[in-house]
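I opened this entry to record strand pairing and backbone angles. My notes follow the order in which I looked things up.

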Amino acid sequence: MSGIAVFYGGTREMAKSSLSLLGHRGSRTTVLETGQKIGMGAVVSRAFDSKMSIFEGDGEYVVFDGFLRNHPDTAWPEKIMKLYKESGRGFLKELDGSFAFAIYTDKETLIARDPLGLKPLYYGYINGYIVCTSEMKALAPFCNEVKIFPPGHYYSSLVGFERYSSLEDLLTEEPVMRNEYEATELLRTSLGEAIENRISSINSDPIVFLSGGLDSSCIAAVASSLNGSLRTFTVGSGDGKDPRFAREVSEYLGTDHCEYTYDFKEMLRTLPEVIYHLESFDPPLVRSAIPNYIVAKMAAEEGSSFVFMGEGADELFAGYEYMKELPSSESIDEESLRITRNGYRSGFQRNDRMSLAFGIEFDVPFMDPSVVNLAFSIPVDWKIHGPEKTEKWILRKAFESELPKSVVWRKKSKFSVGSGSSHLMKEYAEEKISDSEFETERREKGIRSKEELLYYRIFDDLFPSGCAAKTVYRS
């Protein structure tokens, strides 16, 4: 935790320089004394001590970002080395968690990323040797080309890249549920166990970024019941609806609630910082990242170091409006799989970059394998339900006695819409960029809107390397 750099065939100084660009992800940086064959190190989280990030043995080293839910009481890098010695690369299939790590021994260098890509990792090559870092910005200065390390894969210095797991591999068995009531019981239990396992793994009291929407409110309801006391954080602009609903949830659950209102000037002022940390110019992602960045900053100023977020529920429970228009249950299931599989390039990237911009570790309990497996076992007509086509119906039913009805049955709105940041940037871009400018950029660079051009220009100034833009997912 909370960031790594691995320069196989590189130097300790390269790793040190790279890690300096990741310093925001934690409280301190450690570069291992590995000799000349490899440079590697980690940024250590405020939520975990250094033994959860690094392991140094007799010529054996591990750097680790993430956490392992099935090994809650051990130093994870040391456990990884032990498992590797016992089972070789096969141990990867037994890990339950979100992670990116590297193992170095005199026989092999092994680098791996979790199946859903909840923890970030990028790679490139220097003189034919692979190099990896947790963020693109820490690698682009050293490489001519930077690529996203694929989730569920490992790289071995002996055999190269291999896939060891995937989203589909997590869908192992179908829970037995004969009716909607049994499904809601299973859903509450599964999410509760997921959050309880996470709370037992961290050194700090968790907080929740509470938007006032269904997903984060469900997380807050479970976390407050398990933790006794809970701090929640909400931001919004003057015309955003989220703060009002978040206050209602906070009062209902009895959380210690913090709220902040920002204006358009603050949005513009923070935009370059948001794009720098987000490493994207995709308009929907940037739009939602602005309030995410502001709430993370507020939480960090209050001393928080670990946050739960509600990301993933829309993917699992068919929460997006356009999914109602898909022609069949099979096509909705296929779309849910597709967008969950791509989450590491969109919502999960935003979660990671915005919270870790201030050294706050994050987790998304809806992405626990047991919850994911359960969600894809629930019939589609329990997700989009009835003649009204109520989205996420089964999740709403599961928590209708745990939350205010106005929140449980609130129609979904995107984070950027609910917080009030959605339309402002679009309008600003329309004013600032002329039609002729846009037409030129559209033809030359494939820019799709004036808003995207606004963000692209900032991105290009921050990351002038041609390889940087190739890492951006465009929704």
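I began with a single pairing in this predicted model: tyrosine 122 has threonine 133 in S9 as its bridge partner. I then looked up the strands around that pair. S8 spans residues 122-126 and S9 spans residues 129-133; the two run antiparallel and are joined by five bridges.

Next I examined the connection between them. S8 and S9 form a hairpin, and two residues separate the strands. In the turn I noted asparagine 127, whose phi is positive at about 55°.

I asked which other strand pairs with S8. That strand is S10 (residues 147-148), antiparallel to S8 and linked to S8 by two bridges. Opposite lysine 147 in S10 I found tyrosine 123.

I also checked how far S8 is covered. Four of the five residues of S8 are buried, and the strand is mostly covered.

Glutamate 279 has a phi near 60°, and I located glutamate 279 in the loop between helix H7 (264-278) and helix H8 (283-301). Is glutamate 279 buried or exposed? I recorded a relative accessible area of 1% for glutamate 279, which is therefore buried, the cut-off being under 20%.

Alanine 318, likewise not a glycine, has a positive phi of about 55°. I placed alanine 318 in the loop between helix H9 (313-316) and helix H10 (329-341).

Note on methods. Residues numbered from 1 in each chain as written. Predicted model: local features only at pLDDT ≥ 70, side-chain atom pairs only at ≥ 80, totals over all residues. Heavy atoms only, no water. Buried < 20%, exposed > 50% of the residue type's maximum accessible area, 1.4 Å probe, protein only. Pairing = 2+ DSSP bridges.
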